[in-house]
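Visitor: I would like to learn how to read a structure like this one. Please show it and walk me through it.

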Protein chains: 2
Amino acid sequence: MSITGDQSLLREINRMALVRVVQRAPGLSRADLAKETGLTKSTVSLLVQDLIDEGWLEESDVQATGAIGRRPTPLFLNGKSLAMIGADVSLDAINVLIVSLTGEILHEASEALASHDPEKAIRQLARIIGTLVKQAQAAGRYLLGIGVGVPGAVLDRQGVVKLAPNLPWRDVPFQASLSRELALIGVKGLSIQVQNDYDVAALSEHEFGDSPLPDPLVCLGIGVGVGAGIIVRDRLFLGADGFAGEVGHSILQFDGPGCSCGRRGCAETFIGQRAISTRIVGNTEDLLSVDTIKELVDRGDEAAMLAVRRAGHYLGILIQNLWMYFNPGRIVLGGPLCDLGAPLLDAANACVERYALDCQLQLPEIRLSRFGSRWVAVGAAALVKHALLRPLDFGLRLN
Amino acid sequence: MSITGDQSLLREINRMALVRVVQRAPGLSRADLAKETGLTKSTVSLLVQDLIDEGWLEESDVQATGAIGRRPTPLFLNGKSLAMIGADVSLDAINVLIVSLTGEILHEASEALASHDPEKAIRQLARIIGTLVKQAQAAGRYLLGIGVGVPGAVLDRQGVVKLAPNLPWRDVPFQASLSRELALIGVKGLSIQVQNDYDVAALSEHEFGDSPLPDPLVCLGIGVGVGAGIIVRDRLFLGADGFAGEVGHSILQFDGPGCSCGRRGCAETFIGQRAISTRIVGNTEDLLSVDTIKELVDRGDEAAMLAVRRAGHYLGILIQNLWMYFNPGRIVLGGPLCDLGAPLLDAANACVERYALDCQLQLPEIRLSRFGSRWVAVGAAALVKHALLRPLDFGLRLN
C-alpha cells in the first residue's frame, strides 16, 4: 500500500516512524534520523521539533568532546510528559497503572474484583481509572489513552469480549460500556482498547524492552488460563479472528483430562493452576490459590511438590512446541504460576533442555517477565503506545 | 521506516504496490488505483504504462456499457510475458517448472534424483533448469528469477541449506553452487532464492490463489517430513532463524517413538510416511513408498488401512494445534501422503471436527492444495514473484 497521497496520514506515519527509530536506537541525532529514514534533514527537523513540543521526544545535553564545531544533539524518548493508562482485569482483581512512554510506573491502584458481573466489574474499573486520571493530570501528564487486558478472547476492533470462560463472560461490549461509565464520572476523550491479557503482556516486553528486540517474541502466560502473546515483525500477532496464541488449548495428550473449553488433553489441563490444584486436593471443585500452593511447596508437601514438578515438565513440552511453531528469538514466561519459582521452572527447563540436547539445536533465550505480576497492566498501557506508533496498522487498518 | 528518501526505491515500492493491488483486485482502472493507493493520477498513469511495457500488467478491452463518455480501462496481471522458474528438489526427484505471473505452468521437466550427493544433485538441477530456460526464451518469455524448494532448514539470506536430515545434507551452499553450475552452462543473470519446501508451497497458494486471500494462511505438508509454511500479514513467516513452522517436530506425545531429529514423540513419528510404513512392515528400515501404501490400502489390506487411519487421526490433532497456535483463516493440506486420500483425510477430519464440536468453535476452512504434487515447484516460482513484489522485505530487507 502506497502512502504518499494523504498528507496528514503521511505526516503521522513519518512522525511515528521517527519515534520508533529513536526508541530502537536512543541517542540518534537529527542527521542520523534523516540518514536512517531517508527523509530530508529539513523534514526531520520540523517533525522532531513537533515531537519535542508534544512530549514524545527530548534532547539530552551534548557531551563536550573537545572537537571543533557544533556537536549533533542526541534525541531520546521523553519519559516525563506523556503517559498511558493500563488496566489488568483478572479473575480476582483489577490493577490499573499510569505508565510513562519509557515504561516507568507512575501511579498504581489495585482492588479485589468486587463482582464477576460484567457491568459491575466495568463500573468498578471506571472508578479506579477516574481516580488515577486525576492523579496523572495533577502531576502534569498528558494521557494518550486507555488499554485493558482481560482473560479471554477479544474482538479488538469492536472492543467486545467474545468469551472469557473463567469469569465467565460472553459477548460483553467492554469498550462501549467502559466508555459510557467513564463519561458518567466525567472522564472523556480518551481512546479505549481492549485485548487479551497475554497478548498485551507481550507488548510490555516489546514496547519497553531493550534493543535489539527479538522477533518473533513469544510471551507465555500461566495461571488458571494458559496462553501466549506473540510479536511478529514488530506487530502484535492476532490471527484471523484475534485468537492466535491460544496454546493452552493445544492438545498435549489425546484422551487427556477434560478441559474447561470442552476438549480433552489441552495443555491447560496439564500446566494450569487447576491442574496443579486438582492433583493436590484430588478434586476439581476446590481451586487452591497460587499462594496456598506455594505455601505447601515451601513447607515440603510431597503431593504439592510432585504436582508442581509435573506441571513444570509439561510446561517444558509446551515451550518446546512454541519453539518449533514460531522459531522465536526469545520466550518470556509470566503469569501467577511463575511465583511458584524453582520447583516449576527447573522442571520446565530440564524438559526443554533435554529436547534441545536430543536434536542438537540451540534453544532460544528463555527468561521471566521483566514486569512480574504487573506485566498485563503494563502491557495494556503498552498497547496504547504500540497502536499510536503504528498508524497504518492500528489507526486506519489499511494493512 | 519511512520510504520517501531514495527515489528509485520509492518508485519500485510504488510500482510493486500497484501490481499487488491489481493482483488482489483484478480489473481496477488507473483512477481506481490512484484512489486505492493515494498516489496521484499522473503518477499512476506513468507507473502503469511502465508496468505494461515491462509485461507486469495488461489492459483488457473495455466493455461497452451504452453510457456516454470514455470508460476506464480495466487492468490485469499479464500472464503472457513474464515468468519464473520454480524447482522442487525432493528426496527422490527433481521437478522444474516455468510458471507465468498468473500461475499457469508453461514448461515442465522432471527427473529422478540421480544422487544424494549435493554437488551432483545441484549439477543435475542446473542442467534441467538450463533446458527449460532455453524453452522459455524461445517462447518469448522474460524470466524473473529462479526459486528452489528443498526438504530442509534453509538460511535463506545466504542461500545455504543448513540441515536436510532426510537427504542428509548439512551446510550446503546451495545458492552459490547452483549459480556456479548455471554459469558453466551459460545461464547467467538470474537471481536464485532457496527456501524450505513447505514454506514455498505456502506461497503457491498465496501468490496464485483467489482473492480474498486468507491471512494467516497455514499450509501443512505431509510426506517423509511433516512441516508447515505460514503466511502472516501478506508475507512468508520464517521466524528468527528461518525455521518457523517445523511442526513435524512439535511433541504430540511425551515418550512417543524416537524421531529422526533425535527427540521422542514428534508429530512426524505419528503422521509421516515412516510412521505409516513402520506400522505396516514392523520395522523402520524398509520405507514403503506412498504408491505401495496406496496399493495396499486400495486392496483393503487391514494393517495398511489401520496404519493410515491412525496417521490421519494424529494429523487431525496436529491440525487442531495449528488452529490454536496461529488462528489461520485457512489450512491447506499437501505433500505426497495426501495421495492416500479418504482413509487418511477422513480420519483427520473426524478428529478435528470432534475438537471443534467439543469447544463449539468454528473450524477454519481446510482444503487440499490447488497444485497437487506440483505445489512445491509452483511455490518455488511463487517465491521469486513474492520477493519482487515486496522490495522492502526481500530486496533491501529494511524491515
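Guide: Start with contact: two residues are in contact if their C-beta atoms, placed from the backbone, lie within 7 Å. This is a predicted model: local features need pLDDT of at least 70, side-chain atom pairs count only at pLDDT 80 or more, and totals for chains, interfaces and linings use all residues. Residues are numbered from 1 along each chain as its sequence is written, with chains lettered from A and ligands numbered from 1 in the order in which they are written.

Visitor: In what order do the 5 strands of the open sheet in chain A run?

Guide: Strands of a sheet pair through backbone hydrogen bonds, either parallel or antiparallel. Pairing here needs at least two DSSP bridges between two strands. The order is E5-E4-E3-E6-E10 in chain A, with mixed pairing.

Visitor: In which sense do E6(A) and E10(A) pair?

Guide: Parallel, over 5 bridges. A:Val148 stands opposite A:Val194 in E10(A).

Visitor: What does helix H12 of chain A touch on the sheet?

Guide: H12 (375-388) touches E3, E4, E6 and E10 of chain A. Its direction makes about 135° with that of E3(A). Axes are lines fitted to C-alpha atoms, for helices over the stretch in contact, and angles run from 0 to 180 degrees between N-to-C directions.

Technical notes
Helices (H or I, at least four residues) and strands (E, at least two) are DSSP runs, numbered from the N terminus.
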